[in-house]
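Please keep the structure open as you read.

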Amino acid sequence: MKKITSFVLLVLVSSMVLSGITNTVQAQNDPSILLKIAKQAQEQLQNQINQNSSDTIKLLFKNGTQQVIALENSLENNKTDLAKEHFLSAMKIFKQVSQQLTYQTSKPESLSNKTTIQDPSSDLLRIQDYSNNLKAIAKKYNTLIDFSELDALFITAKNQVTDNQFDEAQQTITKIKQMIVDLNKNIREQSSPHQQSRAKEYAQTYIEQLDRLIENAKNQKLSEDIIKRLETARENLSLATDPHEIIKQIREIISIKTQFDLTKNDRLESRVIQVEKTLLNLSNSGQLNQTDIEDAKITLQTIKRLLSQGEVDMANELLRSLATLLD
Amino acid sequence: MNPEIVPIHRKETIQQDGMLFVRSEGILKTMIKAPLIIAGLIFVSLVIPIQTSFSSSRTLNLVIYSDGSVHVSNQIDIDPLLPDYELELFGSSIDNFVAVGDTGFLLSDEIIENKATIDTFGSSSIKIDYDIHDLVSKDGRVWTFSINSTSDYTVLMPANTVIVGMSILPNSMELVNDQTIFDLKNGTSEINYIYGTTINPTTPNDSSFDYITTVIIGATVIAGALSALFIIKRKQSKSIPSIIQTELIPEKQIKIKSFDTESIFVLRPEMREDDKEIIRFISKNGGQAFESELRKKFLQPRTTMWRAVKRLERLGVIEIDKKDMQNLVKLKKVMEEEE
C-alpha cells in the first residue's frame with residue numbers, strides 16, 4: 001500500500017514539476033540576442049566617444065567593452081549563465097556611459113530633443129489607433145456614424161507633419177481630438193441599449209446558476225434561512241433591469257454565497273459558461289457537425305444536473321472531457 | 001499542538017539511525033489519510049488549470065512612441081460569473097482607454113487613479129487598450145522605460161533607437177522596419193535607450209536606396225517649386241491679400257516670442273482653464289514654481305496636481321527639473337526660441 005501510495009504521489013508531483021519546467025523552457029533566452037544588443041550599444045557609444053570625452057567615460061567604456069568580450073567568449077564556450085551575467089554588467093556600464101555622455105554634450109543635444117518634443121507624430125499615431133478602435137466598435141454596433149470628416153483631418157494632419165508644419169498639425173490634432181470626444185460620446189450612447197440587453201442576458205445566466213445552487217442547497221438540507229435568503233436574492237435579480245442594479249444584486253448574491261461558504265462550485269460554474277460559449281461559437285462557425293453539437297449540448301445539460309445534485313467530481317470529469325473535445 | 005503528528009517526525013529521525021519503529025496507530029492513520037491526500041492532490045491537479053484560466057493576462061503588448069508615451073494592449077481571461085472586473089493599470093496618467101468584451105462590444109468602465117473597473121457582464125475575456133505617460137522618463141538624451149508587470153509581455157521600441165542599458169534578459173528580439181520588438185518575462189525591468197544620432201553602419205543596398213529616394217524627393221521638390229512659381233505668377237495680379245497674410249505670420253510669431261501667458265494660450269488653445277491658472281501663477285512667480293507650491297496655492301491633492309503638471313509638460317509648455325529632491329516646474333524657454 002505504502003509503495004503504491006508513494007508511486008502515485010511521485011507521479012503526481014512529477015507531473016506538476018514537469019508542467020512547471022515546460023513553461024521555463026518556453027521562456028528560455030536565446031543567448032545570441034544578448035551579444036547582438038550589447039554590441040549595438042557598444043558601437044553606438046564608441047561613435048560618440050571622442051578625444052574630449054572625460055577619462056571616466058573612457059574607462060567606463062573600456063570596462064563595458066571587456067564585458068562584451070567576456071560575453072562573446074562565454075557564448076563560444078556555451079557558458080550561458082556566465083554570458084547572462086556579462087550581458088547585464090555590460091549593459092549597466094553602457095547605461096552609465098550614456099548618462100555621462102549626455103551631461104558632456106547637453107547643449108547640442110537639447111536642440112534635437114526639442115525637435116522630438118515638437119513633432120506631434122506620436123500624438124497623431126496614438127489618436128489614430130484610438131480612432132481605429134472606435135471605428136471597429138461603431139461597426140460592431142452597426143451605427144451610421146460618418147467618419148469621413150475625421151479621416152480627412154487625419155490626412156491633413158499627416159501631410160502637415162510631413163511638411164514640418166508642426167503648429168498647424170497640432171491645431172488639426174486638437175480638432176481631431178475634439179471630434180473623437182464627440183464620436184466616443186455618440187458611440188457610447190448608441191451602445192447603451194446593447195449593454196442593457198447584455199446585462200439582462202448575463203443576469204439570466206446567473207439566475208440559472210443560482211437555481212442550481214438553491215436546488216443543491218435544498219438537497220443538502222441546508223438551513224431554511226440560507227435557502228430563503230438565496231431565493232429572495234434571486235427574485236430581486238430577476239426584477240432588476242438597469243445594468244447598475246444588476247451588478248448591485250449580483251454583488252449581494254456573491255456576499256451571501258461567501259458568507260455561507262457556498263462558492264466552492266463557482267469555478268466549475270464559470271467553466272461551464274466558458275464551454276457553453278465555445279460551443280456556441282463552434283456551432284455558429286460550422287466547425288462541428290450537428291450530431292456533435294447536439295451531443296455536446298446533452299453533455300452540458302448532464303453537467304448542470306450533476307452540479308445541482310452536488311456531484312461535483314463527476315461534473316468536473318465530464319466538463320474536462322467536453323472541454324478537451326471542443327478544444 | 002497535534003500529538004498525532006509528533007510520532008511521525010520522531011519515526012523519521014530514528015530511521016536515519018537505521019532503525020524501524022512500527023506503530024500500529026501510525027500505520028492506521030497513514031492508511032486512512034493516504035487516499036484522502038491522493039484524492040486531494042488529484043482534485044488540486046485537476047482544478048489548477050481551471051483556476052489559472054481566470055483573471056490572467058493572455059497577451060500584453062506595449063508600444064513605445066517617440067515622445068515617451070506608451071500604448072498598452074492587454075487581453076485578459078476573466079471569470080464570466082463576475083459582473084465586473086477591477087484592473088490595476090500601469091500608472092495613473094491614462095488616455096484613450098477602451099475596453100471591449102469577447103464579442104467585440106464596448107464595455108463601460110470607470111477609472112480612478114490607476115484602477116479601472118470594467119462592467120464585464122459575463123464576458124470570459126476582455127481586450128483593453130490605453131495610452132499611458134508614466135512608463136518612460138528622460139534624463140538628458142537617455143530615455144528609460146521601466147515597468148513592473150505580472151505577466152510576460154512584448155515591447156516595441158521606437159524607430160531609430162539604440163538600447164544602451166537593460167536590467168533584464170530578453171526572451172527574444174526581432175527587428176521590424178527599424179523597430180526592435182522585445183519579448184520579456186514578467187517582473188521589474190528597465191530598458192535605457194537613446195535615439196541614434198550617429199550613423200549606424202549602412203549596407204550598400206541602403207545607400208543605393210537613399211540615392212533613389214533623394215532623386216525622387218529632389219524631382220518632387222523641383223516640380224513643386226515650379227508649380228508654386230506658376231501659381232504665384234498667376235495670382236500675383238489679383239491676390240495681394242495673400243502676400244499680406246504671409247507677412248502677418250511672422251508678426252504672430254513675434255508675439256509668441258514674448259513670454260506672456262496669453263501668447264502661450266494662443267499657441268495651445270486646447271489647454272484646460274484650470275491649467276491656464278497654473279500657468280498664470282508660474283508666470284507671476286518668475287517663470288518657475290515648486291510643485292508643492294502649486295499644490296498649496298490651488299489646494300489640490302498631490303496626484304491631481306501631478307497630473308496637471310504632466311499635462312502641461314505634454315503640451316510642451318513647461319519642463320520639470322529636480323531641485324532639492326522636489327519637482328521644480330518651469331515655463332519653457334524653448335517656446336521663445338522656437339518661433
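Predicted model: local features only at pLDDT ≥ 70, side-chain atom pairs only at ≥ 80, totals over all residues.

Which residues in α12(A) meet which residues in α13(A)?

1. **The contact between α12(A) and α13(A).** From α12(A) come A296(A), T299(A), L300(A), T302(A), I303(A), L306(A) and L307(A), and they meet M314(A), A315(A), L318(A), L319(A), L322(A) and L326(A) of α13(A). Sorted by class, this contact has 11 nonpolar and 2 polar residues, and no charged residues.

2. **How these two helices are arranged.** Helix α12 of chain A covers residues 290–308 and helix α13 of chain A covers residues 312–326; their axes come within 9 Å and cross at roughly 155°. With an angle over 145° counting as roughly antiparallel, α12(A) is therefore roughly antiparallel to α13(A). The crossing of this pair is left-handed.

3. **Another helix pair in chain A.** Have a look next at helix α8 (residues 166–219) and helix α9 (residues 224–239) of chain A, which pack at an angle of about 165° with their axes 10 Å apart. The two are therefore roughly antiparallel to each other, and the crossing of α8(A) and α9(A) is left-handed.

4. **Who meets whom in that pair.** On the α8(A) side you will find A203(A), Y206(A), I207(A), L210(A), L213(A), I214(A), A217(A) and K218(A), while α9(A) brings I226(A), I227(A), L230(A), E231(A), R234(A), L237(A) and S238(A). The residues of this contact divide into 11 nonpolar, 1 polar and 3 charged.

5. **A sheet in chain B.** Moving to chain B, 4 strands form an open sheet with antiparallel pairing, in the order β8-β9-β14-β11. At the edges stand β8 (136–139) and β11 (161–166) of chain B, each with a single partner strand, so one side of each has no neighbour in the sheet. Ignoring direction, neighbouring strands of this sheet are turned by 30° against each other on average.

6. **Pairings made by β14(B).** Strand β14 (residues 187–195) of chain B runs antiparallel to strand β9 (residues 142–149) of chain B, and 7 bridges join them. One bridge partner to look for is T188(B) in β14(B), which pairs with N148(B). β14(B) also pairs with β11(B) in the antiparallel sense, over 5 bridges; here G165(B) has N192(B) in β14(B) as its bridge partner.

7. Is β11(B) largely enclosed or left open by the rest of the structure? Of its 6 residues, 5 are buried, so β11(B) is largely enclosed by the rest of the structure.

Notes:
Residues numbered from 1 in each chain as written. Chains lettered and ligands numbered in written order. Axes fitted to C-alpha atoms, helices over the stretch in contact; angles between N-to-C directions. Parallel < 35°, antiparallel > 145°, perpendicular 65-115°, else oblique. Left-handed = near helix turned anticlockwise from the far one by under 90°. Contact = placed C-beta atoms within 7 Å. Nonpolar A, V, L, I, M, F, W, Y, C, P; charged D, E, K, R; others polar. Pairing = 2+ DSSP bridges. Buried ≥ 20, exposed ≤ 12 C-beta atoms within 10 Å, placed from the backbone.
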